[in-house]
Amino acid sequence: MNAELPVLKAKDFESDQDVRWCPGCGDYSILAQMKKVLAEIGARQESTVFISGIGCSSRFPYYMNTYGMHSIHGRAPAFATGLKTTRPDLDVWVITGDGDALSIGGNHLMHVIRRNLDINIVLFNNSIYGLTKGQYSPTSKVGAVTKSTPRGSIDHPLNPLQVALAAEGTFVARSVDSSIKHLMATLKRASQHRGTSFVEVYQNCNVFNDGAWDYAKAKATKDQTTVVLEHGKPLVFDGGTKGIRLNGFMPEVVEIGGDVSESDLLVHDEKATEPHLANILSRMRHPQFPEPIGVFRAIERTTYNDGVNEQVADARGEQGEGDLAKMYTSGDTWTVA
Amino acid sequence: MTTSTEQFPPTSKPSESVSGVTVRLAGDSGDGMQLLGTQLTNTSALSGNDVATFPDFPAEIRAPRGTRAGVSGFQVQFSSDEIFTPGDGLDALVCMNPAALVTNIGDLKKSGILIVNSDSFESKDLKLAKLENSPLEDGTTDPYRTIHVPMTKLTRGAVESTGLSTKFADRCKNFFAMGLVFWLYGRDVEPTLRFINAKFGNKPEVAEANRLALKAGWNYGETTEDFASTYQVSAAELPAGVYRNVMGNQALSWGLISAAKLSGKELFLGSYPITPASDILHELSKHKNFGVRTFQAEDEIAAVCSAVGAAFGGSMAVTTSSGPGIALKGEGLGLGLMLELPMIVIDVQRGGPSTGLPTKTEQSDLLMAMYGRNGESPLPVVAAQSPADCFRTAIEAWQVATKFMVPVVILSDGYIANGAEPWRIPDVGTLPKIEVSHPAGREPDGTQFLPYERNEDLARPWAIPGTEGLMHRVGGLEKEDGTGNVSYDPDNHQHMVETRAKKIANAASFIDPLEVDGPESGTLVVSWGGTYGACRTAVKTLQEKGQNVAHAHMRWIHPFPANTEEVFRRYDKIVVPELNSGQLRLMIRNEFLIDAVGINKIKGKPFSVSELVDEIESA
Ligand code: SF4
């Protein structure tokens, strides 16, 4: 093989399979940005693995010219755990949706994040079950009228970022399918983080829940309805006219100018050891607040795969490479002549 | 420390030679009966006896003290003959309290030795055992050689010099009982003294108290007039070699580690704690220097899925559980067989259904192992027959898994898992080398890599991530043969379902043929799993009585050994004893249209030899 690796382009990450999402689905954009990001970061096809569960988003691995596993509903983090623990050399991505990750797979999501396995999780949040044709999901709003909730949903929704933070996530971020640059930058950051990167992407399901994220997507409004997080910078939005200030523990929207200057605003700190700020930000919801997009939290903690493999290395160092005969004869033995 | 011989002088009483002895130690779950039993087993094995054990304990960690529910027992047979079961009727029974006595005395042979702690038959003890009258006084113990030993008082006296509180002094009672039993059977105390040193080394007063209690028990035997003689069981004539004692879960773990080494793989275990399988997780996690990685998952589903993930990456992947956990793993196993990846699934069976009888044994997961997944989803199934056999079973399972690229189910059970027997330690050089290969990387040449292209065994290549040019996607949707692409084609689906089944049927050519022990005609007793020892001993007994009965034991159940039908057809009658309501029998009837007769026991207990002898005779 050549010592020099060829430079791969986005196209090189495209498999020969026809993409089967509905025309206009937000998944297309995420797929396109992912390929670009992989090319940009110099990922190798053979050392990249996409693992998904079940749902529209989970078809993703079939479309990537990498290794891939389209697994079973909700369990992608568990497959990833077995793979990454034994093959830390691989770059493992988990592609999941709001139903897959938060409903049937809620348990695995929580545990993979707290273990800080070094993988990247991208949760396509469309607030609906697309593949099973339109039932409400764990992120659907109270009152959502869907096929299974003709009188409106009575389930209080889960906030994906809050779940990730409660599970002690070390990298927690949010982006939007159509915000191409922002999405690329966020995926790139996720790929560079050591530990579990959790990225929620607002994704439009134009068939069963069209327009759910319009406020955050529409050119005309997104400046007022979202606030872009940048580490060390004050939270400013709406063309620099408004900002977020902390009043005790509560955030508030303030107009900049008059008695309020940028120095009064909340300054983003993604590296804060405690997740309090990230919690406050993740609870800011439309329409009361602009919804933050970007990296909420990015801290360092030992990864699960490193921990496991260090113990193996230590055991080998202390006891020497395992010897079967020695193991068999450990403890009391006797000889029959 | 004085030497053991000074402290434990050989008996001056006459000694009677017997071929074998079955002893059961029964007490409260906090009384340390399992420890006592393990020590008796080890020292007997070390003296060259063949041994077989049956620990029997409640599911509760601390069941209410003194109650019948809290009784914990440990049975061991040690013999100068080769034995296959922990014995039927008891020659001796040690009872630490009334609850232990009433729940166990039915198994003691008439005129067998009954040793009781007479200090624990006060009215409060009787009440806890729900007894009106003391069984020591109401005639219950009349048919036996009952020996009343005030163990509590004697133990307290013996350990007084250590200054331990009464509470701690009373914890040494089991060592007193041990001293007495060791004296009675002329057992060597040396291994137990070593054990005490190792276990209580950092608590010298406790170590000393246990030694004193052990010695007091020994001396009691020597001085009491209740025992006129001791018993001697000489060494068994086992094949030459170096031996050790193994328990089933330990042998399974070592078999797995060995299989990994023999195939040049590193072992990954995804597991969730469950009785009686957890000891495999514990044992494997001790051997990280073999490259073993154990993952205690958040649930059974994550456990199996993590194993599939590790298999995809090229490791030797294992998941272990018991019935309730295997039920949860069904979907993940289905994916494993769809992905056609090698891995091992271990079901250490216990009483079911639902939570059932966690600490009791049963063979009722066979049909689940065979058919308990959605769709047409056959898997190879092999069942271990004894604690030591677990070792070989693990290696064979991995051979089949890798040769045919399929998850293999190993069935064990609570009886095998916790039972112990001598194991002849194999010479590592004689163990089979397991050839496993992964296709090599390649540069793009315009041709497509075919992840589902099959070899002569119908196995697909085990191409692993990280290999250049072999990128491919696997998943649970039906695959097109060859390309592995998603396919809804009707003919392809039928072809794939048949191919996956055929692949497993092909494994029949790899596994050992069915062997028969006994005549070529008459009645054939067919056993599987942990009932091997009882069935073998029962058939031997019948053969000695001159009856035309043979025995065949099935280790592989799916596929059946290639000669199974041919063997079965030679006999007028097929009798299938099982600890379930007839699961293997159902398979035999289905497969061969043979009207097999069942002997079925579903009590959470293994077969006794005598009940099998009776039932086979009347079957
Ligand atoms: S159903 Fe919705 S989420 Fe699914 S592919 Fe169609 S548009 Fe996309």
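Two strands pair if DSSP finds at least two bridges between them, and strands (E, at least two residues) and helices (H or I, at least four) are DSSP runs numbered from the N terminus. This is a predicted model, in which local features need pLDDT of at least 70 and side-chain atom pairs count only at pLDDT 80 or more, while totals for chains, interfaces and linings use all residues. Residues are numbered from 1 along each chain as its sequence is written, chains are lettered from A in the order in which they are written, and side-chain values use heavy atoms, with hydrogens and water left out.

Stop 1: Select S2(A) together with strand S17 (residues 473–475) of chain B, which run parallel and are joined by 3 bridges; within S17(B), Arg473(B) is the bridge partner of Gly68(A).

**Stop 2: the interface.** Colour Tyr67(A), Tyr328(A) and Trp334(A), which supply 17% of the area that chain A buries against chain B, more than any other three residues.

**Stop 3: salt bridges between the chains.** A salt bridge here is a side-chain nitrogen of Lys or Arg within 4 Å of a carboxyl oxygen of Asp or Glu, and the count between chain A and chain B is 4. One of them joins Asp332(A) to Arg194(B), with the closest N and O atoms 2.9 Å apart.

**Stop 4: salt bridges inside each chain.** In chain A, select Glu200(A) and Arg174(A), whose side chains meet in a salt bridge (3.1 Å, N to O); Glu200(A) lies in strand S6 (residues 197–202) and Arg174(A) in strand S5 (residues 171–176), 26 residues apart. Are these two residues buried or exposed? Buried means under 20% relative accessible area, exposed over 50% and partly exposed in between (1.4 Å probe, protein chains only), so Glu200(A), at 0%, is buried, and Arg174(A), also at 0%, counts as buried.

Moving to chain B, select Asp389(B) and Arg555(B), which form a salt bridge (3.3 Å, N to O) and stand 166 residues apart, Asp389(B) in helix H15 (residues 389–404) and Arg555(B) in the loop between strand S20 (549–554) and strand S21 (556–558). Asp389(B) is buried at 7% relative accessible area, and Arg555(B) is buried at 9%.

Key. Buried area is the accessible area (1.4 Å probe) that two parts lose on being put together, summed over both.
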